[in-house]
Amino acid sequence: MNKANLTDHSFGANVSGVISAKLDAAVLVIEPDLSVWQKMAPTLSQYFGLVQHARTVELAVVCYRRFNFHLTIIDIKQVDTFAKVLASRHQPQYVAYLSEPDFIEPKSIEPAPIELEPIYPQNFMVLSRTFEAENLLAMMQVGARDWINKPVQTSQLERVLSRWALTQPNTLSNSDCFTSKQTSASLPNVELSLCIGDSKAAQDLKANLYHASLSRSPLLIEGQSGTGKKLAVRQLLLLSQTPSGRVNIDCRGELLHKLNNELICDNNEITFIVLGHLDEISIEGQIALMQWLDTIPLNQSKVRLVSLSCTSLLKRVQNGVFSSELYFKLAGLTIEIPLLHQRSEDIVLLVKLFANQLMTNRESCRVDLLNRYQSWRVTDFQSLTEYGWPGNIQQLKNAVEQCLLMDLLPNEYFKQSAQTDCQQTEAKASDGPNNGNQHFFPIEWDVKQIEKAHILRVMKLYQGNRQLAAKHLNISRKTIDRKITEWTDEVMH
């Protein structure tokens, strides 16, 4: 029996106004008063698959960009601030791009105007202690669906949630981007998987690739396996303003028979010479490559040298295993492809992209695949965003395809796959999970070790911002500074 038929997506309201079934949806509450949150939490957890709380706008933005929330409940005093911060985060860092799905050509490299239109959540309600009609009307005009009075009463909260649920589609899952009539022409190219999303890492990568496309200097692209280095090369080819050819050279093994001047193609084309696995090149290969580079016209516009490495070549230079002279010949420009866990807020969009591509390529079983995807619940998407993905984008793509083809929910996939389960446990034990909901500390650790690991994990979540980490942990900034100083002194001694 198809799992989609076994999944209860109904969420009508009974006579008393209480939601009759738990929503397969995520809700974010932005409320500085902890007592208000504690009053709401039991009711929300009863009705939503995922419930998140943020005490400040800064913390809320981090949560909001990490997951697709179907409903946001926010204190009325913070609505405008939150909308302005969202607008600033969506602002392109370097260039303004076209709205089409294919990332090909920017409109301009001129900076956008400073005045930004606020971005309000698509579905939000306001928390308010006042009953002034003017304030509530202003919120409704910018898109608020309802309001909740303070102090919060459980009965009123349930009635408000019931009203909201009745206005939603029959499915609140993340499958709303699919239709059975979708064609491949409407889908983004596979190259978009490298830069898809609104994360700062994805936006910076778009800008860096564009700026690199304007030059003919040798380009070094570094990134771990599966991050999309080859996709970056394809994107550079798309960005090229003239017809381009591509020649791939694997730097593993003997290079002498591969390196010759015949690699230069038609004079009317720009030739991309792509050196793969450069970090695995031998000493003999480095010498042969140096000699060959002296024979080709790298300064001419018809040649573009692109090198790919899974590790930092500069560190290899510092360790004495890679020629510094060769490094500076190859690294005229450098681009580092971010790890997938560094842009986890893009994971849900990437999942939709890969699922959509699979459905397009499997026309004969499109309906079955769509039904399987629609059976995924919000907790399944949460497990995908929390996983460390050591294999990066490639591993995520493989996991999505395996779940759909083998009719597995992501939660079942992680439980049944011994390899991924082991990797997940190791990642959480060393670095900690992305959202901090679970602990995987070794049983032999004492309280001091657990405290250190947890504080460092929270700091990693906020990208080293000690002030935000202190707010999350409900401790002072000075406490974090003091503990980090203590840990540094322990290492030095």
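Leaving out its neighbours within four places in sequence, S128 is in contact with I76, L136, I148, N149 and K150. S128 itself belongs to strand β6, which covers residues 124-128. With a relative accessible area of 2%, S128 is buried, because buried here means under 20% relative accessible area. The model in which these contacts are found is a predicted one.

The protein chain as a whole comes next. It holds 21 helices and twelve strands. Of its 493 residues, 48% count as buried. Among contacts between residues at least 6 apart in sequence, 72% join residues at least 24 apart.

One of the helices is α6, made up of residues 154-166. Helix α6 has 13 residues, and the distance from its first C-alpha to its last is 18 Å. This is close to the 18 Å expected at 1.5 Å a residue. The buried residues of α6 include Q156, L157, E158 and V160. L161, S162, W164 and A165 of α6 are buried too.

The table sets out the two pairs.

| Helix pair | Residues | Angle between axes | Axis distance |
|---|---|---|---|
| α2 and α6 | 34-47 (α2), 154-166 (α6) | roughly 40° | within 10 Å |
| α13 and α14 | 347-361 (α13), 366-374 (α14) | about 160° | 9 Å |

On the α2 side the contact is made by K39, M40, T43, L44 and Y47. On the α6 side it is made by T154, L157, E158 and L161. By type, the residues of this contact divide into five nonpolar, two polar and two charged. Among the α6 residues of the contact, L157, E158 and L161 are buried.

In the second pair, α13 and α14 pack at an angle of about 160°. That makes α13 roughly antiparallel to α14, since angles over 145 degrees count as roughly antiparallel. The crossing of α13 and α14 is right-handed. Helix α13 contributes V351, K352, A355, L358, M359 and T360 to the contact, while helix α14 contributes R366, L369, L370 and Y373. The residues of the contact of α13 with α14 comprise seven nonpolar, one polar and two charged.

Methods: Residues numbered from 1 in each chain as written. Predicted model: local features only at pLDDT ≥ 70, side-chain atom pairs only at ≥ 80, totals over all residues. Heavy atoms only, no water. Axes fitted to C-alpha atoms, helices over the stretch in contact; angles between N-to-C directions. Helix = DSSP H or I, 4+ residues; strand = E, 2+ residues; numbered from the N terminus. Parallel < 35°, antiparallel > 145°, perpendicular 65-115°, else oblique. Left-handed = near helix turned anticlockwise from the far one by under 90°. Contact = heavy atoms within 4.5 Å. Nonpolar A, V, L, I, M, F, W, Y, C, P; charged D, E, K, R; others polar. Expected span 1.5 Å × (residues − 1). Buried < 20%, exposed > 50% of the residue type's maximum accessible area, 1.4 Å probe, protein only.
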